[in-house]
Amino acid sequence: MIIDCRVRPAYKSYLKTKVPFNIDGAGALAAHLNLELPPCLLSGKPDYEAMIVEMDASGITHAVLWGRKSPNWGDVPNTEIAEVVEMGKGRFVGVGAVDVRPTTKLKAQIQECIDLGLAGVAVEPGQLNPPEKCSGAILYPLYAACQDNGLILHLTSNIYSAPNALWSDPAHIDQVAADFPELKIVVGHASHPHAAELCGIAYYRKNVYLCPGVYLPHAVCNDAYIDAANKYLGDQIIFGSTYPVASFASVVKGYEEAGFAPGVYEKVMYGNAMKLYGFEA
């Protein structure tokens, strides 16, 4: 059993977004991370059925689908996330996305996510227009709404998803976790390259979960995530392929060979996600 906690499916509007299906130099990015692109991307025929074949071949039994509303990278309707969840018949959990500006529309968008049965909300602060830090005041109504409604917050934070590394400083995530102690926060890309700092913050903030994705297997500073998982953060790190930035198979292999201690690998690959998202074996 493997639960992939960061997937953008090959379906409808996702195929029109800039990242990752249509990013220039996608192969170079994957190679930079010592990973491979999905077969369907290499063939030029990405679609839902091809993705399912690739998941099955890699042993991925369940996945968390991240929504997207980014002025820079594209917009995916939450209804499409719900469609894929329905198609998966228990295989998927969906995470919606909202426009944070204007805030007057936030209540209706949160209600849409709830009505669609989505488990959480995803936001990319550094890709807003103008960009925001995770602790930006404009985002606090969203965080409050997620906490009040039991929705899991999914933050994307790393050097690629913001103007520069200052914007992905984990101190901003620490501020949010402190201000919303009952809010479960999943940090996609795990603030890379600020790996050690975020691991240290998560040690103190038990409502913070790290999803390093493609940055754990081979990237610079990856040892910090692995060491933290083995020593003190084994219950707060979850596997994510970041598909289709890289193939399911290459990321799974990278995690298999990462050097997790006995029992920790199982937590990272499925145990922690089962508890967080309520997946059934």
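The following dialogue explains how to read selected features of this predicted model.

Q: Which residues of helix α3 are buried?
A: The general idea begins with helix geometry. An α-helix has 3.6 residues a turn, so residues three or four places apart point the same way. In helix α3, which spans residues 48-58, the buried residues are Tyr-48, Ala-50, Met-51, Ile-52, Glu-54, Met-55 and Ser-58.

Q: What covers the buried residues of α3?
A: The cover includes the strands β1 (3-7), β2 (62-66) and β5 (92-97). It also includes the helices α2 (39-43), α4 (78-88) and α10 (248-256).

Q: What is found at the start of α3, and what just after α3?
A: At the start of α3, Asp-47 places a side-chain oxygen within 3.3 Å of the backbone nitrogen of Glu-49. Just after the helix, Gly-59 adopts a positive phi of about 80°.

Q: At what angle do helices α5 and α6 pack, and how far apart are their axes?
A: Helix α5 (residues 106-115) packs against helix α6 (residues 140-149) at an angle of about 35°, and the two axes are 11 Å apart. The crossing of α5 and α6 is right-handed.

Q: Which residues make the contact between α5 and α6?
A: From α5 come Leu-106, Ile-110 and Ile-114, and from α6 come Pro-141, Leu-142, Ala-145 and Asn-149. Sorted by class, the contact of α5 with α6 has 6 nonpolar residues, 1 polar residue and no charged residues.

Q: How many salt bridges does the count give?
A: The general idea is one of charge. Side chains of opposite charge can pair when their charged atoms come close. In this model the count comes to 8 salt bridges. One of them joins Lys-12 and Glu-83, with the closest N and O atoms 2.9 Å apart. This pair links distant parts of the chain, for Lys-12 is in the loop between β1 and α1 (26-32), whereas Glu-83 is in helix α4, 71 residues apart.

Q: What is the accessibility of the partners in the salt bridge between Lys-69 and Asp-75?
A: The side chains of Lys-69 and Asp-75 meet with an N to O distance of 3.0 Å. Lys-69 has a relative accessible area of 17%, and it counts as buried because the cut-off for that class is under 20%. Asp-75, at 44%, counts as partly exposed.

Q: Which parts of the chain does the salt bridge of Arg-205 with Asp-174 tie together?
A: The closest N and O atoms of Arg-205 and Asp-174 are 2.6 Å apart. Arg-205 lies in the loop between α8 (195-204) and β9 (208-211), and Asp-174 lies in helix α7 (residues 171-179), so the bridge ties together parts that are 31 residues apart in sequence. Arg-205 is partly exposed, with a relative accessible area of 27%, and Asp-174 is partly exposed at 23%.

Q: Where is Ser-70 found, and which residues does Ser-70 touch?
A: Ser-70 is in strand β3 (residues 69-70) and is buried, with a relative accessible area of 7%. Its side chain reaches the backbone nitrogen of Trp-73 at 3.1 Å. Leaving aside residues up to four places away in sequence, Ser-70 touches Glu-124 and Gln-127.

Q: Where is Tyr-160 found, and which residues does Tyr-160 touch?
A: Tyr-160 is in the loop between β7 (152-156) and α7, and is partly exposed at 45% relative accessible area. Leaving aside residues up to four places away in sequence, Tyr-160 touches Leu-29, His-32, Trp-73, Gln-127 and Tyr-215.

Q: Which residues are joined by a cis peptide bond?
A: The backbone rule comes first. Most residues other than glycine have a negative phi, and most peptide bonds are trans. In this model, a cis bond joins Asn-129 and Pro-130, with omega about 0°; Pro-130 is in the loop between β6 (120-123) and α6. Another cis bond joins Tyr-243 and Pro-244, with omega about 5°; Pro-244 is in the loop between α9 (222-231) and α10.

Q: What is the phi of His-189 and of Ala-190?
A: Phi is positive, near 75°, at His-189, and positive, near 50°, at Ala-190. His-189 lies in the loop between β8 (185-188) and α8, and Ala-190 is found in the loop between β8 and α8. His-189 counts as buried at 11% relative accessibility, and Ala-190 counts as buried at 0%.

Conventions: Residues are numbered from 1 along each chain as its sequence is written. This is a predicted model: local features need pLDDT of at least 70, side-chain atom pairs count only at pLDDT 80 or more; totals for chains, interfaces and linings use all residues. Side-chain values use heavy atoms; hydrogens and water are left out. Axes are lines fitted to C-alpha atoms, for helices over the stretch in contact, and angles run from 0 to 180 degrees between N-to-C directions. Helices (H or I, at least four residues) and strands (E, at least two) are DSSP runs, numbered from the N terminus. A crossing is left-handed if the near helix is turned anticlockwise from the far one by less than a right angle, and right-handed if clockwise. Contact means heavy atoms within 4.5 Å. Ala, Val, Leu, Ile, Met, Phe, Trp, Tyr, Cys and Pro count as nonpolar, Asp, Glu, Lys and Arg as charged, and the others, Gly among them, as polar. Buried means under 20% relative accessible area, exposed over 50%, partly exposed in between (1.4 Å probe, protein chains only). A polar contact is a pair of N or O atoms within 3.5 Å; within protein, one must be able to donate a hydrogen and the other to accept it, and residues adjacent in sequence count only if both atoms are side-chain atoms. A salt bridge is a side-chain nitrogen of Lys or Arg within 4 Å of a carboxyl oxygen of Asp or Glu.
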